[in-house]
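I am opening a notebook on this structure. The entries follow the order in which I looked things up.

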Amino acid sequence: MAIDNIVVGLDIGTSKIAVIIGNTWQGDPEKIEIRGVGTAPSRGLRRGIVVDMELTTAAIREAVSAAELMSGVQIGSAHVGIAGGHIMGQTSHGIVAVSGEGHEITQSDIDRAINAAKAVAIPADREEIMSLRQRFKVDNQDGIKDPIGMSGVRLEAYVHIITGAVGAVKNLTTCVNDAGMAVESVVLEPIASAESVLNSEERLIGVALADIGGGTTDTVVYKDGALRHTEVLSIGGDNLTHDIAQLLKMTPDDAIQLKHLKGCALVDMVDPSETIQIPTVGGLHRPQFVPREFLAEIIQCRMEETLNLIYQEIKKSGVDVPAGLVLTGGTSLMNGMVELAEPVFPCPVRVGYPRPLKGLIDKVNSPVYATGVGLVMLGSQNHHMTDGKSFIKGEDRFNQILSQMKNWFSDYF
Ligand SMILES: Nc1ncnc2c1ncn2[C@@H]1O[C@H](COP(=O)(O)OP(=O)(O)OP(=O)(O)O)[C@@H](O)[C@H]1O
Ligand SMILES: [Mg+2]
């Protein structure tokens with residue numbers, strides 16, 4: 001009989017906290033049903049990192065209550081996303097001699113090769129938070145996914161290791177715990193976004209995903225079904241808001257409004273005769289009018305910089321991305337983003353929306369929810385039957401989370 005269960009994704013972003021409650025049946029992604037969504041403005045993060053624990057905890061509580069109200073389900077644990085400039089990804093490889101009879105590769109050879117690949121020096125203030133298998137090489141034959149049973153003398157394993165600042169992970173999980181929720185797993189946010197907006201063919205032939213949120217731009221590159229490159233840049237929609245507020249002299253809240261309503265990333269797409277009204281600080285001065293092109297110039301300048309940084313990351317990965325670049329996260333909703341990006345990248349560009357599931361799909365049908373939906377999808381594949389009320393807190397739980405993340409990610413990939 002099918003097993004159904006509740007899985008919760010908790011996206012703690014710089015702009016908003018999103019809680020997505022899903023129902024899952026035996027981890028089948030086709031059968032996930034969205035039951036409830038709750039959001040709250042996020043004011044306790046800067047560039048993806050918790051800087052005010054009280055504000056973050058309060059916002060998590062608010063988003064959880066809203067999601068519980070919508071779903072009629074009480075939740076006690078969640079799969080939580082992490083990002084921030086402290087995240088670093090590197091590919092490492094390890095070589096072992098195949099030990100068995102007839103040089104047939106066994107699980108123990110694979111484990112030894114992976115352990116050799118993972119034996120890299122990590123600075124004391126950093127911690128391995130995930131390690132994902134990429135591929136194996138048997139003698140001179142590269143690109144092997146599962147070498148068990150193959151014959152060879154030399155086995156090489158390639159592993160992508162993601163590390164983060166120990167304190168940043170701990171602060172994040174403490175906020176979740178303080179909001180009355182246990183942490184089931186911590187997942188790198190762009191990996192969750194990739195799960196919800198990319199399909200397996202894209203990841204096989206080579207694809208890049210850039211999640212441009214409020215505080216960070218997270219880039220991941222996939223090839224042969226494996227993660228090949230990760231980078232979290234401390235730049236995002238907040239930079240645009242700041243630029244607009246500074247240059248057009250308005251409050252950040254007014255700048256956000258204007259950006260959403262009249263923003264455009266490509267000056268050429270704007271009618272040169274169109275003017276926009278600029279709200280004045282405090283509303284006390286005479287309203288000002290400027291050509292809409294001015295606003296577009298500010299946005300284009302910043303978005304060109306961001307897209308170039310993404311391009312550099314793809315180049316750094318050394319991976320061909322014939323399936324193109326997929327932009328997601330709230331800033332990908334900006335008018336003209338695809339048109340601006342297309343000439344920069346020698347590949348197709350599209351905006352990535354979460355893949356359609358079941359249930360309240362219209363509530364999550366936005367790039368803003370790519371991470372939250374992906375957390376539910378990844379969580380459902382690794383979810384075990386629980387009562388959903390395991391409030392485990394403190395040091396032990398932190399260490400438990402780290403080992404849990406390592407385990408289930410290596411299982412998953
Ligand atoms: N229609 C729109 N046009 C332009 N920008 C938009 C639009 N909708 C949302 N944004 C911007 O997207 C950003 C928020 O995106 P998102 O919700 O993905 O960020 P986040 O996940 O909270 O932050 P991060 O992942 O960077 O920590 C904000 O800067 C917001 O102004
Ligand atoms: Mg985000």
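Domain bounds here come from an automatic or database domain assignment. The model is predicted, so I note that local features need pLDDT of at least 70 and side-chain atom pairs count only at pLDDT 80 or more, while totals for chains, interfaces and linings use all residues. Residues are numbered from 1 along each chain as its sequence is written, chains are lettered from A and ligands numbered from 1 in the order in which they are written, and side-chain values use heavy atoms, with hydrogens and water left out.

Entry on the domains. I found the protein divided into domain 1 (88–164) and domain 2 (200–353). Taken over C-alpha atoms, the centres of domain 1 and domain 2 are 37 Å apart.

Entry on the interface. I looked up contacts, meaning heavy atoms within 4.5 Å: 9 residues of domain 1 touch 7 residues of domain 2. I then took the buried area, which is the accessible area (1.4 Å probe) that two parts lose on being put together, summed over both. Between domain 1 and domain 2 it is about 580 Å², with 49% from carbon and sulfur atoms. Of the area that domain 1 buries against domain 2, Q134, K145 and H160 supply 56%, more than any other three residues.

Entry on pairs across the interface. I searched for salt bridges (a side-chain nitrogen of Lys or Arg within 4 Å of a carboxyl oxygen of Asp or Glu) and got 0 between domain 1 and domain 2. For polar contacts I used a pair of N or O atoms within 3.5 Å; within protein, one must be able to donate a hydrogen and the other to accept it, and residues adjacent in sequence count only if both atoms are side-chain atoms. That rule gives 3 residue pairs between domain 1 and domain 2, both residues at pLDDT 80 or more.

Entry on strands. Strands (E, at least two residues) and helices (H or I, at least four) are DSSP runs, numbered from the N terminus. On the side of domain 1 that touches domain 2, β7 (88–97), β8 (126–138) and β10 (154–165) each supply at least two residues. β8 gives the most, with 4 residues.

Entry on salt bridges overall. Here I counted 12. One of the pairs I looked up is D109 with R112, at 2.8 Å, N to O. D109 and R112 both sit in helix α2 (residues 107–118), 3 residues apart, about one turn of the helix.
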